[in-house]
Amino acid sequence: MNNQPIIISASPHVHSSRTSKKLMYDVVIALIPAFLVSLYVFGISALIVTSIAVISCLVFEFLIQKYLLKTEITISDGSALITGILLAFNLPSNLPIWMIIVGSLVAIAVAKSSFGGLGFNIFNPALVGRVFLLISFPVQMTMWPTAVENNTAIADAVTGATPLEIIKEGLMYGETMTELTSKIPSNIDLFLGITGGSLGEMSAIALILGGLFLIIRKVITWHIPTIMLITIAIITGIFWLVNPEKNANPLIHILSGGVLLGAFFMATDLVTSPMTKKGMVIFAIGIGVITVVIRKFGAYPEGVSFAILIMNAFVPLINTYFKPRRFGSKIKSKIV
Amino acid sequence: MLKTFPKGGIHPHENKITSAKAIKKLPLPKTVYVPISQHIGIPSEIIVERKEKVSIGQVIAKSGGYVSSNIHSPVAGTVTKLDKLIDSSGYKKQCIVIRTDFKDQSNFEIIDTPLQTEIKLSETEILQHITDYGIVGLGGATFPSHVKLNIKKDKIIDYLIINGVECEPYLTADHRLMLEKAEEIIVGIEILMFALHIDKIIIGIENNKKNAIDNFKKLTTNNNKIKVAALKIKYPQGSEKQLVKSLLKREVPKNGLPLDVGVIVHNVGTIFAIYEAVQYNKPLIERVVTVTGKKVKNPSNFWVKIGTPVKDLIDEVGGLPEDTRKIINGGPMMGKAIKNTDVPITKGTSGILVISEDEAERKRSKNCIRCGQCVFVCPMGLEPHLLMNLTEKRMYEKAFNEDIMTCIECGSCSYVCPSHRPLLDYIRFGKSIIKKLETDKN
Ligand code: SF4
Ligand code: SF4
């Protein structure tokens with residue numbers, strides 16, 4: 001035998017070989033289709049925004065860990081990388097660079113490190129960064145690139161406002177859905193990604209693809225995305241059936257704005273979502289309801305980010321009250 | 001559809017490399033080291049002296065109480081020492097050391113008996129044999145079998161489940177036994193049916209042992225009392241509570257036993273031991289042990305005398321591989337790492353697994369990313385991340401209220417945690433502290 005000592009450790013002696021790093025990089029892979037679409041639609045600016053966000057997130061994480069917290073450097077764990085990508089995906093492609101950097105700082109320093117780092121944060125860091133920017137710089141954050149600023153051929157189809165903004169404003173000024181439908185991209189365009197809005201929320205098909213990949217790889221389960229989408233579809237469906245001229249149909253609601261990005265990538269964030277299936281269902285219903293309420297009654301045309309953050313705050317509570325059923329806690333079976 | 005339990009579970013690599021290898025007889029060991037506590041419960045009391053000559057099968061330590069068991073000499077020879085030696089638990093335990101007398105022909109007496117189907121003993125005689133001949137659960141728990149079979153009058157038992165699941169990766173001892181001693185096992189089952197007046201039997205086997213399933217199905221075609229059930233390959237399918245749930249949809253209550261839902265569960269190995277004890281008056285002095293590992297030259301299944309040092313088995317399979325870093329008594333999920341190969345085989349040893357360099361070391365534990373994986377896989381519906389957290393913070397009472405004591409220590413949580421958190425280590429620790437606090441209180 002070799003001179004290495006025999007190891008004594010307690011069981012189990014094998015491991016699934018799935019590591020948190022691998023999970024994180026699966027998420028990165030799942031985001032690639034949506035990123036490619038944004039490159040196609042917005043051209044080089046998509047690349048710039050994403051790289052700035054990713055680099056600043058990584059740099060801030062490094063600086064904070066090295067000089068402030070003086071802990072182990074964990075920037076290679078993939079989590080700051082994901083935060084960067086997701087933040088970028090939630091920004092307009094023409095946002096000033098310094099704002100992106102500020103957003104990244106808020107995401108990493110305020111939303112993540114101040115809670116104790118990966119695993120301890122309550123709120124999704126990328127969303128905190130985004131909402132901070134939205135509140136601080138509402139004008140820039142809702143100014144979407146138009147054809148002039150963007151030189152790709154496809155950009156002609158990209159309007160200055162998102163479909164949801166057009167609908168919200170139009171309805172406010174008394175226009176009907178029939179009139180508004182001609183002003184927003186068709187469902188097919190929404191599905192493929194030819195629309196205005198944040199970087200990563202473009203293409204429904206790309207986001208669904210990425211989401212399915214995560215479900216197949218068992219990084220996330222189907223519960224949160226499916227239930228969240230169903231909830232939104234049902235509530236907006238009821239409004240729409242009651243008055244189709246004053247309410248957008250469920251398909252528009254699901255395909256536009258941040259719903260799909262939120263459903264597959266933000267609400268499912270492992271750290272900030274519930275840990276039991278029951279809890280996930282409650283969490284997803286909550287997000288769906290709040291999203292529709294904000295879209296319909298709130299000041300903002302879009303409500304997914306707020307909805308997710310609000311439900312993030314309830315996760316500790318959900319985890320406490322929706323526990324898995326303990327084996328043997330209720331004796332259903334009887335001796336026959 | 002294959003039956004299985006509804007909540008939790010994992011599917012580790014099966015690695016059953018020895019499933020096609022017939023059980024060989026290990027040569028008689030030169031010396032055996034027989035610990036006096038090989039079962040759950042009170043240790044047995046030594047009744048031999050140093051230098052005393054013992055014959056094969058002679059009682060050398062008698063049962064120390066009700067939940068205890070007799071221990072018999074596995075060989076004919078001379079007691080050379082009564083000493084405390086390290087056993088598979090890692091602690092020093094009282095052992096009886098016997099030097100084998102190779103000249104004594106009786107060493108070969110009890111092996112290879114023809115199939116004996118006729119049951120001649122009465123019910124009470126059968127139970128007496130099981131008590132006297134030191135039969136304990138051979139699935140790993142080593143609970144004295146006579147205790148399990150002594151059913152109080154007020155309990156109604158309608159099912160006997162035979163556990164042939166063997167869900168631990170690598171191990172094939174039960175699989176081989178089911179293939180090679182199927183008829184004997186059927187007789188063993190009939191013995192218990194007769195003694196306990198039970199006429200509903202299910203043999204549960206995981207679906208990766210199709211030949212064993214077919215074999216039993218063939219043998220029981222004309223028997224409408226014994227059913228053979230194929231189970232989905234899912235760990236820990238072989239855990240009693242999960243098995244009862246899978247086969248009968250009955251849920252053993254928290255802190256309860258299968259008995260509480262009218263079921264008795266016995267491992268196939270135990271059934272075979274019962275057959276031998278009842279039909280041939282043979283005490284439990286040998287068992288099947290799988291010796292395996294990815295780099296082991298000639299992994300095999302052996303008939304091994306209790307008390308044989310692990311070294312003897314390792315020598316038979318071609319020695320320890322160069323890069324051995326861990327030797328495990330049992331399977332990779334629930335087995336115990338042992339310090340060296342001097343440790344003896346006991347009644348509870350179903351396998352010896354040798355693990356090499358690359359698989360032996362644990363990865364460093366990282367922050368919990370709250371992914372919920374541990375919660376999803378826990379077959380008992382616990383929240384391992386929470387239990388670890390509470391134990392870390394010494395909040396034992398809270399941990400108790402979160403049902404830490406119902407953990408079956410299957411290891412699924414630690415297996416799956418992507419942050420390599422030593423969940424089960426902490427849970428075990430928490431459980432032991434709580435047990436201690438409870439005994440201190442009384
Ligand atoms: S070891 Fe205990 S806590 Fe962990 S999965 Fe198994 S039963 Fe659950
Ligand atoms: S599996 Fe590990 S990382 Fe995931 S919740 Fe459980 S302890 Fe935390």
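Because residues from chains A and B surround ligand 2, the site is shared between chains.

Residues are numbered from 1 along each chain as its sequence is written, while chains are lettered from A and ligands numbered from 1 in the order in which they are written. As the model is predicted, local features need pLDDT of at least 70 and side-chain atom pairs count only at pLDDT 80 or more, whereas totals for chains, interfaces and linings use all residues; side-chain values use heavy atoms, with hydrogens and water left out.

The predictor assigns the complex an ipTM of 0.85 and a pTM of 0.89. For chain B the mean pLDDT, which is the predictor's confidence in each residue from 0 to 100, is 91, and 99% of its residues reach 70 or more. Within chain B, confidence is lowest in helix α9 (residues 357-360), at a mean of 76, and highest in helix α11 (residues 384-392), at 96.

In chain A, the axes of helix α14 (residues 277-297) and helix α15 (residues 304-321) come within 8 Å and cross at roughly 150°; axes are lines fitted to C-alpha atoms, for helices over the stretch in contact, and angles run from 0 to 180 degrees between N-to-C directions. α14(A) and α15(A) are therefore roughly antiparallel to each other, a term applied to angles over 145 degrees. The contact (heavy atoms within 4.5 Å) includes Gly279(A), Ile282(A) and Phe283(A) of α14(A) together with Val304(A), Phe306(A) and Ala307(A) of α15(A), and its residues divide into 13 nonpolar, four polar and one charged.

Helix α1 (residues 20-42) and helix α10 (residues 204-216) of chain A likewise have axes that come within 8 Å, crossing at roughly 170°, and the two helices are therefore roughly antiparallel to each other. Among the residues making this contact are Asp26(A), Val27(A) and Ile29(A) of α1(A) and Ala206(A), Leu207(A) and Gly210(A) of α10(A); by class, the contact has ten nonpolar, one polar and one charged residues.

Most residues other than glycine have a negative phi, and most peptide bonds are trans. A cis peptide bond, with omega about -5°, joins Ser11(A) and Pro12(A), and Pro12(A) is found in the segment before α1 of chain A. The peptide bond from Tyr235(B) to Pro236(B) is also cis, with omega near -5°, and Pro236(B) is placed in the loop between β11 (226-231) and α6 (240-248) of chain B. Tyr170(B), although not a glycine, has a positive phi of about 75° and lies in the loop between β9 (159-164) and α3 (173-180) of chain B.

Note on methods: Helix = DSSP H or I, 4+ residues; strand = E, 2+ residues; numbered from the N terminus. Parallel < 35°, antiparallel > 145°, perpendicular 65-115°, else oblique. Nonpolar A, V, L, I, M, F, W, Y, C, P; charged D, E, K, R; others polar. Near = heavy atom within 4 Å.
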